[in-house]
Amino acid sequence: MEFSVKSGSPEKQRSACIVVGVYEPRRLSGIAEQLDKISEGYISNILRKGDLEGKPGQMLLLHHVPNVLSERVLLVGCGKERELDERQYKQIIAKTINTLNETGSMEAVCFLSELHVKGRDIYWKVRQAVETTNDSLYSFDALKSSKGETRRPLRKIVFNVPTRRELPFGERAIEHGNAVSEGMRLCRDVANMPPNICNPAYLASQARQMAEQYDNLNVTTVGEEQMAELGMNSYLAVGRGSANESIMTIMKYQGAANADEQPIVLVGKGLTFDSGGISLKPGEAMDEMKYDMGGAAGVIGTMKTLCEMNLPVNVIGVLAGCENMPGSNAYRPGDILTTMSGQTVEVLNTDAEGRLVLCDALTYVERFDPELVIDTATLTGACVIALGKHASGLFSSHNPLAHEILNAGDQSGDRAWRMPLWDDYQEMLESPFADFTNLGGRPAGSITAACFLSRFTKKYNWAHIDVAGSAWNSGKNKGSTGRPVPILSQFLLNRSGVEQGE
Ligand code: BES
Ligand code: MN
Ligand code: ZN
């Protein structure tokens with residue numbers, strides 16, 4: 001999709017379609033008003049007849065509006081003017097894009113970026129419009145033998161901004177929006193890929209491919225042999241039942257002027273399939289456990305966005321690739337593992353494997369002397385029960401970092417909600433035989449999982465984002481959402497100090 005911005009009046013646009021808003025009840029937006037004037041009341045006449053009330057998401061496509069140069073005018077219901085919020089704005093954009101794509105307009109001039117959304121500037125509105133557009137046109141058909149093709153697909157959108165002064169903000173918004181979309185696309189493609197193709201080696205190969213495209217990105221891998229030398233016994237134990245080798249992929253992006261500037265480290269849980277292991281999961285929806293690498297997909301996607309924006313920061317992305325399978329060689333409940341940190345863990349459930357992989361990855365990254373570490377993982381079913389799919393769970397004992405991440409979530413629309421990480425919960429991990437167990441019991445399951453990780457992150461500032469509910473959709477819209485690419489990318493964008501809105 002090609003995006004651009006301009007500043008002009010609607011009647012002068014010569015395009016396949018121009019898109020303008022109508023508020024409820026039957027109230028023309030300023031732009032629609034202008035069109036109504038030059039068409040001598042054509043639009044208000046139609047509204048009077050009851051064709052469009054202006055309810056959010058209502059669409060009315062008009063052809064050959066008198067004195068208007070564009071072939072079509074799409075009237076879009078925007079609801080009550082005072083009530084237009086972020087969620088509605090995005091829903092309206094998504095609906096508009098689908099309508100345009102299905103009704104043969106290959107290009108459009110969109111005036112919806114001029115709508116008033118409470119507390120949001122033109123940069124935000126254009127950027128969200130770009131991301132929402134790309135998001136609604138995404139489909140994963142790489143493995144379908146016949147691809148469903150739209151006959152006259154939407155190719156080009158021009159967003160209009162009120163005055164010339166806003167043009168640079170609009171242009172920057174398109175640039176950033178496209179970069180985030182690229183990262184989300186990669187995240188979704190990798191996550192949607194089936195587990196017979198997407199295994200830990202596949203994650204590594206995707207990262208290597210990316211390194212070929214960008215000069216300041218370097219990729220190395222740590223395989224099972226090297227993990228054994230490093231004492232990563234916990235990570236290794238999880239992968240032992242699988243025929244696919246465990247591989248940890250390290251992506252180093254060097255963007256800061258000072259090469260020695262301490263890096264921000266992102267660690268993603270990359271369970272390319274989580275069967276539960278010997279503590280086998282029930283069969284229902286087990287296919288969805290291919291998405292248990294959603295954290296790693298989020299990290300590789302964020303690295304893509306970072307490379308596209310070429311931000312002046314140093315970032316290291318770690319994809320903790322592994323497969324959790326039962327087998328004669330698999331680890332078992334009762335096993336006691338010595339982690340890379342030296343701490344011992346009694347395995348009470350082989351399905352609580354994510355923390356066992358992450359703990360060694362989190363110890364491994366100490367060697368980078370990180371500025372801070374954020375790990376992201378589809379870690380617990382309990383997080384889905386607590387927050388559903390709308391918010392990711394955020395855990396951190398470092399308040400400034402937690403606020404920074406929450407803020408990035410709010411700005412990007414990929415929101416997180418903070419959960420407690422109080423020491424009170426730590427006792428749920430007590431073990432009679434080892435330093436602690438990998439299982440906290442049913443209450444507060446996402447918190448005890450985070451507590452487990454916190455025992456491996458004492459040497460740096462750290463936050464954990466549980467994306468078990470937000471990384472993919474189940475049901476008829478089954479598929480990766482591209483989250484947490486937006487929140488992580490926004491965090492890096494804010495850190496980089498690169499200009500955004502006004
Ligand atoms: N990958 C799962 C968590 C998960 C389950 C994410 C369902 C999304 C949907 C994780 O490895 C797991 O199995 N967690 C267990 C932990 C339990 C055994 C303590 C869980 O949540 O049930
Ligand atoms: Mn599991
Ligand atoms: Zn898992």
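Predicted model: local features only at pLDDT ≥ 70, side-chain atom pairs only at ≥ 80, totals over all residues.
**Ligand 1**

I started at ligand 1, where one of its nitrogen atoms sits 2.8 Å from an N or O atom in the side chain of Asp-292. I then asked how much of the ligand the protein hides: it covers 77% of the 510 Å² of accessible area that ligand 1 has on its own.

Next I looked up the oxygen atoms of the ligand. One lies 2.9 Å from an N or O atom in the side chain of Asp-274. For Lys-269, I found a polar side-chain atom 3.2 Å from an oxygen atom of ligand 1.

Which residues come closest to ligand 1? I noted Lys-281, Asp-292, Asp-351, Glu-353 and Gly-381, out of 16 residues that surround the ligand. I sorted this shell by class and got 7 charged, 5 nonpolar and 4 polar residues. I also checked the pockets, and the space that ligand 1 takes is the second largest pocket.

**The loop between S10 and H9**

I moved on to Ser-279, which is in the loop between strand S10 (264-274) and helix H9 (294-309). Is Ser-279 buried or exposed? I have it as buried, because its relative accessible area is 18% and the cut-off for buried is under 20%. Its side chain makes a polar contact with the side chain of Asn-349, at 3.3 Å.

Ala-285 is in the loop between S10 and H9 too. I wrote down its phi, near 60°, which is a positive value in a residue other than glycine. That made me stop, because most residues other than glycine have a negative phi. Ala-285 is partly exposed, with a relative accessible area of 39%.

**Buried spots**

I looked at Val-357 in helix H10, residues 354-364. Its relative accessible area is 0%, so I logged Val-357 as buried.

Asn-314 is in strand S11, residues 314-324. I logged Asn-314 as buried as well, at 5% relative accessibility. A polar atom of its side chain lies 3.3 Å from the backbone oxygen of Asn-258.

How many residues of helix H13 are buried? I got 10 of 10 for this helix, which runs over residues 445-454.

**An exposed one**

For contrast I picked Glu-212, in helix H6 (residues 200-213). Glu-212 has 71% relative accessibility, so I put it down as exposed; the cut-off is over 50%. From Glu-212 I went across to Asp-335, 123 residues apart along the chain, and got 41 Å between the C-alpha atoms.

I went through the peptide bonds last. Most are trans, but the one from Glu-24 to Pro-25 is cis, with omega near -5°. Pro-25 is in the loop between strand S2 (17-23) and strand S3 (27-28).

Arg-26 is in the loop between S2 and S3 as well. I noted its phi near 50°, a positive value in a residue other than glycine. At 41% relative accessibility, I counted Arg-26 as partly exposed.

I found another cis bond from Arg-483 to Pro-484, with omega near 5°. Where is Pro-484? I placed it in the loop between strand S20 (479-480) and helix H14 (485-496).

Notes. Residues numbered from 1 in each chain as written. Chains lettered and ligands numbered in written order. Heavy atoms only, no water. Near = heavy atom within 4 Å. Polar contact = N/O pair within 3.5 Å; in protein donor to acceptor, adjacent residues only side chain to side chain. Areas by Shrake-Rupley, 256 points an atom, 1.4 Å probe, with all protein chains shown as cover. 1 Å grid on protein atoms, 1.4 Å probe; cavity = no way out; pocket = protein on both sides within 12 Å on 5 of 7 lines; lining within 4 Å. Sits in = over half its atoms within 2 Å of the grid points. Nonpolar A, V, L, I, M, F, W, Y, C, P; charged D, E, K, R; others polar. Helix = DSSP H or I, 4+ residues; strand = E, 2+ residues; numbered from the N terminus. Buried < 20%, exposed > 50% of the residue type's maximum accessible area, 1.4 Å probe, protein only.
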